[in-house]
Amino acid sequence: MDGLLNALVVLANFALVPGIAYGSQLALGALGVTLVFGVLRFSNFAHGETMSFGAMIAIFVTWILQANGVSIDPLPTALLALPVAILVTVGVVLLTDRFVYRFYRHKRSDQVIFIIVSIGVMFVMAGLIRFLIGPNDQIFTDGERFLISARDFRDLTGLREGLAIKTTQVITVVAAVVCCVLLFLFLTRTRTGKSMRAYADNEDLATLSGIDAGRVVLIAWTLSATLAVIAGTLYGLDKSYKPFVFQEILLPIFAAAIVGGLGSPVGAIVGGYLIAFAEVLLTYAYKRFLGHMLPDAWMPDGLAQLLGTEYKFAVAFVILVITLLIRPAGIFNRRSG
Amino acid sequence: MRTVLPFVIFFLLLVLVGVLQSWSLAFSIMNLCLVSAVMALGVNMQWGYAGLVNFGVMGFSALGGLAVVLVSAPPVPEAWAVGGPGVLFAVLIAIATAALAIAARRIFAERVARIVATGVVVAVGIWAVADVLEPATDAIEAVDPSFTGFLGGLGLPVVLAWIVGGLLAAGAAFLIGKIALGLRADYLAIATLGVSEIIVAVMMNEDWLSRGVKNVVGLPRPVPYEVGLREADWFQSLAATLPIGAVELSSLIVKGCYVGLFTLFLAVILWLAERALASPWGRMMRAVRDNETAAEAMGKDVKRLHLLVFVIGSGVIGLAGAMLVTLDGQFTPGTYQPLRFTFLIWVMVIVGGSGNNWGATLGAFLIWFAWVEAEPIGGMVIDVATSWLGDASPVRQHLMSNAAQMRHVVMGVVLLLVLRFAPRGIIPETDRT
């Protein structure tokens with residue numbers, strides 16, 4: 001019995017807890033991608049850079065706050081910086097829409113043109129970010145590091161294995177839940193939210209019913225940028241902030257959005273957790289987990305790892321390809337791909 | 001006129017670099033321009049001729065680079081002795097798995113049964129490959145890890161590796177295209193981007209194959225070495241008559257040889273591409289691109305054509321990737337990034353003029369030139385713009401040290417401006433009737 005408990009704690013500590021946090025970050029990112037897709041009908045390749053940009057602004061504001069002695073210990077100061085970062089990033093994204101995307105929207109350009117345009121936006125943002133904050137790592141997490149440290153957990157329960165829960169992981173999950181609840185209330189309860197869904201379902205019909213397309217697009221960008229900033233900052237708090245990472249994370253985010261069904265918010269959330277858990281569970285080394293479960297004689301020689309951690313992106317990709325082959329519209333999509 | 005003038009301007013700019021900065025730099029830029037042009041031609045075939053979005057350029061050029069290692073690097077007999085049979089056996093198992101999976105798909109008619117059967121075959125196959133491969137690769141990587149630790153190549157001439165690089169990339173493109181080409185444009189873009197990330201991840205982590213992040217250095221060259229040149233009699237008599245130093249002269253001659261070789265390859269590919277575009281086949285490709293449904297109704301096999309052009313274009317990209325690694329003399333998997341190896345090439349094609357081979361070539365020349373020269377020019381601009389802050393200012397120092405990053409901004413702005421105001425590029429596609 002003790003062995004089983006210890007085994008579960010190991011699994012929770014190294015796979016489940018990080019998986020939930022990572023899944024929340026992916027879900028928030030994928031929500032942003034899916035909202036833009038639902039309304040503007042293109043996959044925004046600049047979304048990773050939007051996340052990175054928001055996180056960068058949050059870091060700058062955090063530094064200013066820290067320099068002035070402002071702190072909300074035990075919580076990280078970055079949470080205080082978040083509203084400012086959201087305002088700035090939403091402003092930048094709306095300006096991009098006004099001066100870049102709007103032209104093509106009015107021309108009703110092909111989806112591919114939008115994708116290439118978003119590559120241009122991605123270049124500009126990537127350059128600005130690397131120019132302003134530099135290409136190196138930044139650690140900006142402060143406040144209490146752990147909600148429960150491994151040692152406290154061992155003392156508390158008397159088990160041999162510890163379960164550490166980082167403050168940033170809890171904040172990530174709480175923030176994701178709050179964001180999702182608010183987003184769904186907005187989409188299902190408010191007039192604006194309903195008009196957005198109507199527009200996403202059928203552009204022409206919605207416009208004919210008197211829905212202001214320009215306003216819907218504006219709101220979609222605002223929501224997408226807000227979610228991107230939150231996701232980017234949480235990711236930076238949880239790991240560390242590296243400008244390059246946000247390009248790599250684009251693939252799992254797209255995978256999450258597509259697996260769930262591009263344009264479907266529920267799908268984006270489910271997809272986010274699905275991809276995160278698949279990545280974590282497939283690249284987790286089960287040696288210690290099995291050590292508590294199996295008698296010594298049955299122990300496997302290696303790490304009992306299905307796939308090296310270096311290939312975790314391959315997991316997201318394989319899930320993506322399987323989805324595209326079997327059910328291209330995704331799990332939660334009524335429209336066909 | 002519209003075709004020739006931009007090229008003239010480019011060469012004038014290059015001469016300016018030669019005069020103001022150094023001729024060695026001008027030659028280096030020219031070499032990379034030529035390689036980029038080959039890459040851009042590959043993308044142009046896929047996007048410009050057929051409207052296929054391939055965001056996996058990085059992966060195909062990395063495969064070309066890998067081919068240089070596999071073909072031209074000197075073999076490591078000890079590694080082959082300890083791990084060679086294991087690796088070959090694993091390859092055999094992988095091929096058998098693929099064959100069985102295809103067979104399973106033929107045998108089971110019902111959808112669910114087919115998916116389950118394929119899944120089981122693939123899972124067992126992967127497990128078997130991993131089981132055989134792991135001890136073999138461990139043994140290989142243990143062979144003198146600080147110098148070799150990989151199988152090495154075949155030690156064959158490097159120009160042969162370029163062809164192999166093209167074939168390797170084309171083969172990979174065939175497999176990817178078989179699966180992904182039916183997809184909608186944005187899915188294809190994401191899928192190819194994903195494949196390229198995975199290809200590079202494999203090269204970074206499979207040390208037995210490519211030494212991973214330890215890099216393979218000292219790859220053989222198709223042109224003479226500087227040291228060898230300086231010992232030759234004709235070189236010494238030439239150096240005596242010229243006002244520049246022997247070291248610089250030898251470096252210029254080596255770079256000049258590369259320029260000649262690359263120009264030859266570019267010219268051949270450009271000629272073939274132009275011939276293809278002007279032929280009935282090119283006309284058919286344009287018809288498919290402009291109206292797939294109509295072309296299909298006329299009895300054209302759109303799927304086959306897409307696959308063909310995807311494979312050919314990727315092959316050309318692979319060739320360029322091999323040329324690039326040869327020019328560097330080393331294979332460094334860690335340096336492959338999508339911004340530089342995929343999206344920059346796309347900027348070249350769009351800015352130059354998609355659908356026009358001369359346009360793609362010009363785009364490659366100008367964009368690579370801008371990419372290199374944005375660094376000193378950006379530095380100067382930042383220097384002037386922040387001079388009021390005073391030299392001791394940390395903000396100024398920080399911005400100065402990141403000035404090189406402005407090149408990304410320049411590329412993005414150029415791309416957006418061209419898309420907005422000249423969406424057909426500098427040299428637009430010729431309107432043929």
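User: Before we look at the two chains, what makes a pair of atoms a polar contact?

Analyst: A polar contact is a pair of N or O atoms within 3.5 Å; within protein, one must be able to donate a hydrogen and the other to accept it, and residues adjacent in sequence count only if both atoms are side-chain atoms. By that rule, eight residue pairs are in polar contact across the interface of chain A and chain B, both residues at pLDDT 80 or more. This is a predicted model, where local features need pLDDT of at least 70, side-chain atom pairs count only at pLDDT 80 or more, and totals for chains, interfaces and linings use all residues. Residues are numbered from 1 along each chain as its sequence is written, and side-chain values use heavy atoms, without hydrogens and water.

User: How do you know how many salt bridges there are between chain A and chain B?

Analyst: A salt bridge needs a side-chain nitrogen of Lys or Arg within 4 Å of a carboxyl oxygen of Asp or Glu. Between chain A and chain B the count is zero.

User: Which residues count as nonpolar, and how many are on the side of chain A that touches chain B?

Analyst: Ala, Val, Leu, Ile, Met, Phe, Trp, Tyr, Cys and Pro count as nonpolar, Asp, Glu, Lys and Arg as charged, and the others, Gly among them, as polar. That side of chain A has 35 nonpolar, seven polar and two charged residues. Its largest share, 18 residues, comes from α4(A), a helix being a DSSP run (H or I) of at least four residues.

User: What makes area count as buried here, and how much is there?

Analyst: Buried area is the accessible area (1.4 Å probe) that two parts lose on being put together, summed over both. Chain A and chain B bury about 4,000 Å², 77% of it on carbon and sulfur atoms.

Technical notes: Chains are lettered from A and ligands numbered from 1 in the order in which they are written. Helices (H or I, at least four residues) and strands (E, at least two) are DSSP runs, numbered from the N terminus.
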